[in-house]
Amino acid sequence: MATIWELDFYSRPILDEREKKKWEVLICESPLNVGDKAESLFRYSQFCSSSTVNSLWLAGAIKEAIAAAPKRPEKIRFFRRQMANMITKACEDLDIPAACSRRTLALSLWLEERMQDVYPAEPGYQPVVNPSVQFIPETPVALPDALIGEKWAFVSLPIAAFDEMSEWDIGFGEAFGLPMTRLAPETQIPGLIIYSSRATALAGWMSGLELAFLKFESGPPARLVLDTGANDRWILANLRDAATEREAKGFEAAKKQAKKVHFLAIQSNPESESFAGFWLLHELTI
């Protein structure tokens with residue numbers, strides 16, 4: 001299985017002796033297995049003076065992390081759009097692909113933990129609201145004609161069913177560590193299954209995206225939207241009647257009960273025992 005890292009490089013609510021904000025790089029391994037726990041993942045952190053914030057310093061920090069890690073990453077994900085140029089340049093200098101992504105659950109949880117427990121204990125701490133990554137959502141666009149599914153259905157699976165996910169027949173997909181979400185054992189995980197005669201082509205195309213989350217938009221027009229990458233949005237389905245709108249609202253309610261955890265699956269038909277694609281998703285607020 002590939003090794004993917006999640007990275008954040010940004011100022012922290014801590015002032016140094018010059019009354020300038022300290023910067024910090026956080027690097028952690030992406031949890032790609034459904035049973036992964038935070039304590040089992042590689043982590044690296046290093047503070048940085050605001051006077052040395054550049055791609056050269058960041059590349060050096062990444063090199064130090066690589067030297068300390070069990071495996072070199074095959075890709076680095078980051079969520080902070082305003083740092084895209086610097087992070088991408090540092091990764092390019094090390095021949096590591098970088099992707100702006102909202103599949104950064106481990107990093108988001110770790111950053112939240114540090115905001116609560118680590119930074120307040122540092123000299124020079126200045127309590128502030130954690131800066132979010134503000135952006136205006138793009139208008140969703142239609143899927144390529146050849147990739148539109150013939151049918152789709154809202155479904156749900158008990159969280160215990162995912163214990164065997166590693167044994168499922170899945171062509172393309174990605175999981176994350178469900179223990180990190182601290183969901184109750186009785187939780188039902190909602191999802192959407194797309195049925196398509198071109199299931200493999202659709203799953204292959206989606207595997208090239210950084211899948212973020214599914215969302216119902218009441219509109220008008222009412223539709224199901226798939227968010228990917230930094231801010232890309234795709235229309236999976238237009239909801240043309242009240243019954244399907246009710247189902248979509250039920251899906252959103254179930255997502256809320258499951259702490260925004262959900263899934264997207266692709267199959268050739270409802271009788272199939274394999275998945276052309278299966279992705280665990282989590283709607284992060286970043």
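Start by selecting T244, A248, F251, E252 and K255 in helix α5: these residues are buried, where buried means under 20% relative accessible area, exposed over 50% and partly exposed in between, with a 1.4 Å probe and protein chains only. Look down the axis of α5 and the buried residues fall within an arc of 95°, so they line one face of the helix; the arc is that of the directions from the helix axis to the C-beta atoms. Before going on, keep in mind that this is a predicted model, in which local features need pLDDT of at least 70, side-chain atom pairs count only at pLDDT 80 or more, and totals for chains, interfaces and linings use all residues. Residues are numbered from 1 along each chain as its sequence is written, and side-chain values use heavy atoms, with hydrogens and water left out.

**Around α5**

Now show R246, K256 and Q257, the exposed residues on the face of α5 turned away from its buried side. Helices (H or I, at least four residues) and strands (E, at least two) are DSSP runs, numbered from the N terminus.

α5 covers residues 242–257, and its 16 residues should span 22 Å at 1.5 Å a residue; the end C-alpha atoms are 23 Å apart, which agrees. The expected span is 1.5 Å times one less than the number of residues.

L157 is partly exposed, with a relative accessible area of 25%. Its contacts, leaving out residues up to four places away in sequence, are F162, W168, T187, Q188, I189 and F263.

Rolling a probe the size of a water molecule over the atoms shows where empty space is left. The structure holds one cavity of 30 Å³ or more, and the largest cavity has about 120 Å³ of space. On a 1 Å grid over the protein atoms alone, a cavity is a set of points where a 1.4 Å probe fits but cannot get out, while a pocket is an open set with protein on both sides within 12 Å along at least five of seven lines; lining residues have an atom within 4 Å of a point. Grid points are joined across faces, edges and corners, and a volume is the space filled by probe spheres set on the points.

Select R102, R103, T104, L105 and F176, which lie nearest the centre of the largest cavity among its 18 lining residues. α3, β10 and β14 are the elements that give two or more residues to this lining, and β14 gives the most, with three. By class, the lining of the largest cavity divides into 10 nonpolar, three polar and five charged residues. Ala, Val, Leu, Ile, Met, Phe, Trp, Tyr, Cys and Pro count as nonpolar, Asp, Glu, Lys and Arg as charged, and the others, Gly among them, as polar.

Zoom in on T104, in the loop between β5 (98–100) and α3 (105–117). T104 is buried, with a relative accessible area of 0%. Show E6, R77, F79 and L284 as well: T104 touches them, not counting residues up to four places away in sequence.

**The second largest pocket**

Next, select M1, L32, G173, E174 and A175, the closest to the centre of the second largest pocket among its 26 lining residues. This pocket holds about 510 Å³ of space. Which element supplies the largest share of its lining? That is β8, with four residues. The lining of this pocket has 15 nonpolar, five polar and six charged residues.

α4 (199–207) is one of the elements supplying at least two lining residues. Select A199, L202, A203 and M206, which are buried in α4. They cover an arc of only 95° around the axis, which puts them on the same side of α4.

**Last stop: α1 and A69**

Finish with α1 (55–68) and its buried residues S55, W57, L58, A59, A61, I62, A65 and I66. Their cover includes β1 (4–15), β2 (21–29), β3 (43–48), β4 and α2 (84–93). Then pick A69, in the loop between α1 and β4. A69 is buried, with a relative accessible area of 14%, and touches W5 and F42, not counting residues up to four places away in sequence.

Key
Contact = heavy atoms within 4.5 Å.
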